[in-house]
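Here are my notes on the packing inside this one. Have the model open while you read.

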Amino acid sequence: MGVTVTNLISGPGTMYTGAFGATEPADSAVGSTPVASTWTDVGGTSGGVKLTINMEYAELEVDQVIDVPERRATKRDVYVETKLAEPTLANLVLALNGGTVTASSAYSTYDPDDTTAATQPTYKALIFDGYAPRTVAGATMRRRVVVRKTLNTADVVNEAQKKGQELTPVKFNSHWVSSSIKPFRVIDQLS
């Protein structure tokens, strides 16, 4: 099999966040920016955005053969990892799965959730827009990943350094939504 160079992908993407259950852009709008009133651009990221789909399988065995005859899926763990490059209070709310930002003309404050609501976390939806393989000569195609119900499970670390940029690492784990709504979707633009 030869290499199809138009299937190679490189380049940055943009990550957006919205409320769990937010109206998703139509699949046909994969090359367009999501509606700003529903989806918020999280700003710059550092080191790329990584979508990981980790599948776990249980092995079946029989006495009559030494090889594993089959496997059955037992778990799927999907998550999106990146480092937020803009340590704003809005991104702190995102990284800590909630809280309240209060702004005045002179300053802003962040207060974490500490009520019983903290035991029922605020799930978020994510969209990551990047590049897709090109199917039309010379045209740049887009790929959109929608993760419908997420929580950040990474430690939130803000480290001021003498040399180096302050980054907030995040790992947004995906969760089951319903029997009719899949936890994530990947859409590639074809034209």
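1. Which residues does T82 touch, leaving out those up to four places away in sequence? They are M15, T45, S46, G48, V49, T168, P169 and V170, with contact meaning heavy atoms within 4.5 Å. Before going on: this is a predicted model, where local features need pLDDT of at least 70, side-chain atom pairs count only at pLDDT 80 or more, and totals for chains, interfaces and linings use all residues. Numbering runs from 1 along each chain as its sequence is written, and side-chain values use heavy atoms, without hydrogens and water.

2. T82 sits in strand 4 (strands are DSSP E runs of at least two residues, helices H or I runs of at least four, both numbered from the N terminus). T82 is buried at 6% relative accessible area (buried is under 20%, with a 1.4 Å probe and protein chains only). A polar atom of its side chain lies 2.8 Å from the backbone oxygen of G48.

How values were computed:
Buried means under 20% relative accessible area, exposed over 50%, partly exposed in between (1.4 Å probe, protein chains only). A polar contact is a pair of N or O atoms within 3.5 Å; within protein, one must be able to donate a hydrogen and the other to accept it, and residues adjacent in sequence count only if both atoms are side-chain atoms.
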